[in-house]
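Student: I am new to this structure and would like to go through some of the terms used for it. Please show it first.

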Amino acid sequence: MPAASYDACVDTTLEALGAPEGALLPILHAIQAEYGYVPDDSVALVADRLNLSRAEVHGVLSYYHHFRKVPAGKVVVQLCRAEACQAVGADALAEHAKAVLGCDFHQTTADAGVTLEPVYCLGQCACGPSMMVGERVHARVTAEKFDALLARARSNA
Ligand code: FES
């Protein structure tokens, strides 16, 4: 990826924030929004621009599971792993999802079609288990509903 492209993410974010203080997370979000992940070769540029060490940037990337270090699949499925959803079957749904997809959380299916990620609350606590497919939140997700949503998302991807 050309460094100039990362520069654009940094410039746009700094312009919006007006100062470099506290800009690291927004910049990493901007890069991930643009590329779908935070490429390794963007780290040096971000560190230079914010006068941070590369280790500091890597530290933040490692701390927040939200940031991907490799490209995601065409469809990103996020299953809620928080307490309210766990109380109504999120564990069983997670096991179903892993079995159907043949991958674990933070992994992508062998065909690069679907990435499975955990998320900790989607604001639908009263009607869990909840999941997000792409940008859309779904509530009261059963194994059957998961399969149907996944099939639709795969066919639209
Ligand atoms: S706990 Fe799952 S949506 Fe809030």
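Student: Is the crossing of H3 and H4 left-handed or right-handed?

Tutor: The crossing of H3 and H4 is right-handed. A crossing gets that name if the near helix is turned clockwise from the far one by less than a right angle, and left-handed if anticlockwise. Note that this is a predicted model, where local features need pLDDT of at least 70, side-chain atom pairs count only at pLDDT 80 or more, and totals for chains, interfaces and linings use all residues. Residues are numbered from 1 along each chain as its sequence is written, and side-chain values use heavy atoms, with hydrogens and water left out.

Student: What angle and what axis distance describe H3 and H4?

Tutor: The two helices pack at an angle of about 115°, and their axes are 8 Å apart. Axes are lines fitted to C-alpha atoms, for helices over the stretch in contact, and angles run from 0 to 180 degrees between N-to-C directions.

Student: Which residues in H3 and H4 meet?

Tutor: Val43, Ala44, Val46 and Ala47 in H3 meet Arg54, Val57, His58 and Leu61 in H4, contact being heavy atoms within 4.5 Å.

Student: Why is the pair Asp7 and Arg49 called a salt bridge?

Tutor: A salt bridge is a side-chain nitrogen of Lys or Arg within 4 Å of a carboxyl oxygen of Asp or Glu. The closest N and O atoms of Asp7 and Arg49 are 2.5 Å apart, so the pair qualifies. Helices here are DSSP runs (H or I, at least four residues), as are strands (E, at least two), numbered from the N terminus.

Student: What makes Asp7 partly exposed?

Tutor: Its relative accessibility is 25%. Buried means under 20% relative accessible area, exposed over 50%, and partly exposed in between (1.4 Å probe, protein chains only), so Asp7 falls in the middle class. Arg49, at 34%, is partly exposed.

Student: Which salt bridge joins Arg49 and Asp11, and at what distance?

Tutor: Their side chains meet at 2.7 Å, N to O. Asp11 is partly exposed, with a relative accessible area of 37%.

Student: How do you know whether Arg68 and Glu117 are buried or exposed?

Tutor: Arg68 has a relative accessible area of 16%, so Arg68 is buried. Glu117 is buried at 8%. The side chains of Arg68 and Glu117 meet in a salt bridge (2.8 Å, N to O).
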